[in-house]
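Please look over the sequence and the model shown here before reading on. The paragraphs after it are meant to be read with the structure open.

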Amino acid sequence: MREKRIDHAEAASEFIASEEHVEFHDRRLWDLRKKRDRESEAIPEWEELRALASAIKEHTLTHLADYLEEFERNAIRNGAQVHWAVDAVEHNEIVLDILRTRSAKTLVKAKSMLTEECDMRPFLEKRGITVIETDLAERIQQLDDEPPSHIVVPSVHKLRQDVAEVFGRTIGTDPDNCDPHYLAESQRQDTRPYFIGAGAGMTGANFAVAETGSIVVCTNEGNADLSVNVPPLYIASLGIEKLIPRLDDLGVFVRMLSRSALGSPITQYTSHFRAPRPGTEMHIVLVDNGRSERLGMDDFWTSLKCIRCGACQNTCPVYRRSGGLSYGATYSGPIGVIIDPTFSLRKYSNLPFASTLNGSCTSVCPVKINIHEQIYKWRQVITERGQLPFVKKQAMQAAGKVLASPKLYRAAVEGTHVATEHLPRFMVYSRFNAWGRQRDVPEAPKQTFRQWYLKNRERSS
Amino acid sequence: MSSREDILGALRRNQPAARPLPDVPMFDADLPPALEKFKSSVTRMGGKVVELPHGADLTAFVRERFPDALEICSATPEVTGTRDLGAVRAPADLHDVDVGVVRARFGVAETGSVFLSEAELGINAIGYLVQHLVVFLDPKEIVPNLHHAYQNSVFREVRYAVLMTGPSATADIEGILIHGAQGVRSLTVALVPRAAEA
């Protein structure tokens, strides 16, 4: 079956239509980026930590099978039960089976990109399980029937009046009361009975430590700790790339995660789940879902180093002005652009073009993934495999011919100011010029650089 | 077991050439005095720091700090609450407690975190289901940074361990900071020496 290609620019036009939203989104995420800078600059060893984090992840990924076996051995010794899922379908079935076997009808869960990737919630809900997202932003997204738009701040594209509207419609708050304190308190009150009565709790994982068999989860709300420490059954689902070898390594990653994500020295809760509480069960589901295949891709395997801090999203000018939902994928922004095509090259073939290749993502990445270089490489792969959309292909072929010939190039550049001055708008801003859609083409100078250079060189010689 | 073998097999087929595992330094040269750094870190993360003298009446301290509290539950014998933690059967039973009291094993200066495990919490949910949490910490038991924290073998021994840093917080609505998202609304770290072992 041919999957429909996501048109990022088209989807973004919906978000861009509201100036108030775009302006806030841009400002809020840039603020997180600035806070990240303040934190990283306050730590003299920051660059050394990045190099360590990258090296630890690369070591782990090049020995991943061994570390998974070590992790499994230790987790079982601790009293946890370990499950393996090759893909999303198997993951969801394993979770459903665990819940059904223990007659758990309500699942309280912390935020997990993996369960989003697996589309787990609708799967369980269709089979009679009540699933409650307990992170405030993730709950907002659940109640609005939207996926998260950001890895760390899932509802960052919404303003307070949007939240008031969603809560008014779903949990019975006053839709005209937009006070964030009122809205947050309302969600707290609405969620607490679920914590108290749930048959099972679930988290993802930020890290899984091979030498101890521990699952490490970082939250600010304490919702993961409530999800695990109140119900009698705990399920942790994680992608197999979350492994790190030692507790020593945890120091490196925990020091960098929240600093990179939100510009705070640590999340309020850094929680280590090593063994079930007496009388309860702990299950760990290790999920592949394309990761082992990605590990074999020479140019792209290092994307598996990602610790999901979202720093690349916060710094990306395209992401900040188009919103995460416009990517039409679980992972958005620069990291999404290099991961998503591994799930479906056709469906996500437009995404690597949603970038200016400015390299800012690479320079803030705490595990030193060469994100912008991988974006560029994906463009090549997509072109080679014939997945370039028609309009882009025509434009690239024309540009290729012009750029390959100095004569054609000069003629084109010299004609630019004539074109923008004299061509009717419909020709400059046509559907063949995607660039002109949200932008006014700047007025071109009357003199080209070459003309200026020739004239000035004559003068100076 | 076939999914397990499939995954491990695919990983072994696809894994790139081995890269070495580096040692992690302690990064502890030229650090600021631990106690001062700890106090400023807790405050920054939204917690409150109180310093109490050795031998202070800790039950009276908690009472005075939360005069309206109806239910106080303490996991440390240093405070007598209204709810006996030993008699609590299920974690959910703590849902109507106003103030929880615990003593942390150690603190981390760099981040303002306190370490708690099931050994300190008694029932883990006391750290989250109650409205306000008071944590006692011996000012002598503060390590300089997270690298030092993870040297502690307690992480290898306990079922549950948390580095708790300030109260439950969210900034999910327009970046406005709100304390008391799902967990405790306030966190008070009371610096008071541990009573000498009898």
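This is a predicted model: local features need pLDDT of at least 70, side-chain atom pairs count only at pLDDT 80 or more; totals for chains, interfaces and linings use all residues.

Chain A contains 22 helices and ten strands, and its C-alpha trace extends over about 85 × 55 × 50 Å along the principal axes. The radius of gyration of chain A is 25 Å, which agrees with the value near 23 Å that a compact globule of 461 residues would have. Of those 461 residues, 48% are buried. When contacts in chain A between residues at least 6 apart in sequence are considered, 75% of them join residues at least 24 apart.

A:Ile215 belongs to strand S6 of chain A, which covers residues 214-219, and A:Ile215 counts as buried because 28 other C-beta atoms lie within 10 Å, where 20 or more are required. Once its neighbours within four places in sequence are left aside, A:Ile215 is in contact with A:Ala205, A:Ala208, A:Ala236, A:Phe273 and A:Ile284. The C-alpha atom of A:Ile215 is also separated by 9.3 Å from that of A:Ala75, although the two residues are 140 apart along the chain.

Helix packing within chain A can be followed in two pairs. In one of them, helix H3 (residues 46-61) and H12(A) have axes that come within 10 Å and cross at roughly 125 degrees, an angle at which H3(A) and H12(A) are therefore oblique to each other. The crossing of H3(A) past H12(A) is left-handed. From H3(A), the contact draws on A:Leu49, A:Leu52, A:Ala53 and A:Ile56, while H12(A) supplies A:Asp249, A:Val252, A:Phe253, A:Arg255 and A:Met256. Sorted by class, these residues are seven nonpolar, no polar and two charged.

The contact between the chains involves 69 residues from chain A and 59 residues from chain B. On the side of chain A that touches chain B, helix H12 (residues 247-261) gives the most, with eight residues, and that side as a whole divides into 34 nonpolar, 19 polar and 16 charged residues. Helices also pack across the two chains: helix H4 (residues 64-77) of chain A and helix H1 (residues 2-14) of chain B have axes 8 Å apart, at an angle of about 145 degrees. Here A:Leu64, A:Ala65 and A:Leu68 in H4(A) meet B:Leu8, B:Leu11 and B:Arg12 in H1(B), a contact of five nonpolar, no polar and one charged residues.

Helix H8 of chain A, residues 136-143, is mostly covered, since seven of its eight residues are buried. The buried residues of H8(A) are A:Leu136, A:Ala137, A:Glu138, A:Arg139, A:Ile140, A:Gln141 and A:Gln142. They pack against strand S3 (130-133), helix H9 (160-170) and helix H10 (180-197) of chain A, together with strand S9 (169-170) of chain B.

The backbone deserves a separate look. Most residues other than glycine have a negative phi. After H8(A) comes A:Asp145, with a positive phi near 55 degrees. A:Asp119 is not a glycine either, yet its phi is positive, near 55 degrees; A:Asp119 sits in the loop between helix H6 (113-117) and helix H7 (120-126) of chain A, and is partly exposed, with 14 other C-beta atoms within 10 Å. A:Arg308, also not a glycine, has a positive phi of about 60 degrees. The loop that holds A:Arg308 runs between helix H13 (291-294) and helix H14 (311-315) of chain A, and A:Arg308 counts as partly exposed because it has 18 C-beta neighbours inside 10 Å.

How values were computed
Residues are numbered from 1 along each chain as its sequence is written. Chains are lettered from A and ligands numbered from 1 in the order in which they are written. Axes are lines fitted to C-alpha atoms, for helices over the stretch in contact, and angles run from 0 to 180 degrees between N-to-C directions. Helices (H or I, at least four residues) and strands (E, at least two) are DSSP runs, numbered from the N terminus. Two residues are in contact if their C-beta atoms, placed from the backbone, lie within 7 Å. Ala, Val, Leu, Ile, Met, Phe, Trp, Tyr, Cys and Pro count as nonpolar, Asp, Glu, Lys and Arg as charged, and the others, Gly among them, as polar. The radius of gyration is taken over C-alpha atoms; the globule rule is 2.2 Å times the number of residues to the power 0.38. A residue is buried if 20 or more other C-beta atoms lie within 10 Å of its own, exposed if 12 or fewer, and partly exposed in between; C-beta atoms are placed from the backbone. Angles under 35 degrees count as roughly parallel, over 145 as roughly antiparallel, 65 to 115 as roughly perpendicular and the rest as oblique. A crossing is left-handed if the near helix is turned anticlockwise from the far one by less than a right angle, and right-handed if clockwise.
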